[in-house]
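Welcome! Please take a moment with the sequence and the 3D view before reading on.

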Amino acid sequence: MVIGAVLAGGNSTRFGSDKSLYALNDTPMYMHVVNRLKKSGVVDEIVVNTNVRLKDAFHPYKTVIDDESFIDHGPLGGIYALMKEYPDDYVIIVSTDTPYVPSAWLKVLVEKAIETNKIVVTEGEQLHPLIGVYHGETIVEDLKRQLESKKLSIRQFLEHQDYITLNIEDYGLNESMFVNINRKTDIL
């Protein structure tokens with residue numbers, strides 16, 4: 001199965017309020033990502049990874065709460081919770097603060113992950129590891145070990161994984177489609 005997962009568990013400190021619930025063009029930001037995942041046509045189920053405080057905010061979508069051993073461990077903790085919940089599936093991760101990501105791109109990522117049986121993440125002018133497909137036989141244990149080491153960088157985690165990057169420019173896409181909204185001033 002392919003699980004579409006919105007990462008929406010951050011504290012949004014730079015944004016000033018919960019990003020995932022912020023009304024962007026009259027729609028909560030997380031719903032922009034949900035709609036992109038639906039439109040991709042490749043996901044069997046959509047879930048939202050979040051924290052305990054926001055666990056009831058995403059109805060009707062299933063929420064996967066961060067593991068209590070790794071509260072406030074950033075996106076790596078969210079990916080761990082998701083992979084622990086769906087260890088045998090391909091999980092396409094899209095951060096709630098990337099509402100402009102093209103649906104067609106999500107389809108490309110999933111198809112490449114299935115074709116190569118590797119983790120596949122987005123690359124442009126920089127690496128976008130929060131737009132990618134995660135899976136693997138040992139990924140849950142590998143994530144747990146990384147979290148226990150207190151090294152919370154996804155890039156550091158990927159250094160020890162069998163993964164590939166797909167460059168958006170090779171597909172005629174540009175960086176503005178992958179903008180990460182950390183502050184209200186980042187909204188296009």
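## About the model

This is a predicted model, in which local features need pLDDT of at least 70 and side-chain atom pairs count only at pLDDT 80 or more, while totals for chains, interfaces and linings use all residues. Numbering starts from 1 along each chain as its sequence is written, and side-chain values use heavy atoms, with hydrogens and water left out.

## Two nonpolar cores

A nonpolar core is a set of buried Ala, Val, Leu, Ile, Met, Phe, Trp, Tyr and Cys residues joined through side-chain atoms within 4.5 Å; buried means under 20% relative accessible area, exposed over 50% and partly exposed in between, with a 1.4 Å probe and protein chains only. The largest such core here has 31 residues, and those with the most contacts inside it are Val-6, Tyr-30, Leu-37, Ile-92, Trp-105, Leu-106 and Leu-109. Two or more residues come from each of β1 (2-7), α1 (29-40), β4 (45-50), β6 (90-95), α3 (103-116) and β8 (127-134). These elements are DSSP runs numbered from the N terminus: helices are H or I with at least four residues, strands E with at least two. Apart from this core lies another, of 27 residues, including Leu-82, Ile-119, Ile-139 and Ile-154.

Leaving aside neighbours within four places in sequence, Val-6 is in contact (heavy atoms within 4.5 Å) with partners including Tyr-30, Val-33, Val-34, Leu-37, Val-47 and Val-94. In soluble globular proteins, nonpolar side chains tend to be buried together.

## Two helix pairs

How do α1 and α3 meet? Their axes, which are lines fitted to C-alpha atoms over the stretch in contact, come within 8 Å and cross at roughly 60°. Angles run from 0 to 180 degrees between N-to-C directions; under 35 degrees counts as roughly parallel, over 145 as roughly antiparallel, 65 to 115 as roughly perpendicular and the rest as oblique. α1 and α3 are therefore oblique to each other. The contact is made by Asn-35, Arg-36, Leu-37, Lys-39 and Ser-40 of α1 with Ser-103, Leu-106 and Lys-107 of α3. These residues divide into two nonpolar, three polar and three charged, where Ala, Val, Leu, Ile, Met, Phe, Trp, Tyr, Cys and Pro count as nonpolar, Asp, Glu, Lys and Arg as charged, and the others, Gly among them, as polar.

The second pair is α2 (74-85) and α4 (residues 139-148), packed at an angle of about 150° with axes 9 Å apart. α2 and α4 are therefore roughly antiparallel to each other. Among the residues making the contact are Leu-76, Ile-79 and Met-83 of α2 and Ile-139, Leu-143 and Leu-147 of α4. By class, this contact has eight nonpolar, two polar and two charged residues.

## Residues in the loops

Is Asp-89 buried or exposed? Asp-89 counts as buried, at 15% relative accessibility, and sits in the loop between α2 and β6. Not counting residues up to four places away in sequence, Asp-89 touches Met-1, Ile-3, Met-83, Tyr-134 and His-135. Asp-89 and Tyr-134 are 45 residues apart in sequence and 8.6 Å apart in space, C-alpha to C-alpha.

Other loops hold backbone details. Asn-25 has a positive phi of about 55° although it is not a glycine, and counts as exposed at 63% relative accessibility. Asp-72, in the loop between β5 and α2, has a positive phi of about 60° and is exposed, with a relative accessible area of 57%. Finally, a cis peptide bond joins His-59 and Pro-60, with omega about 15°; Pro-60 lies in the loop between β4 and β5 (62-65).
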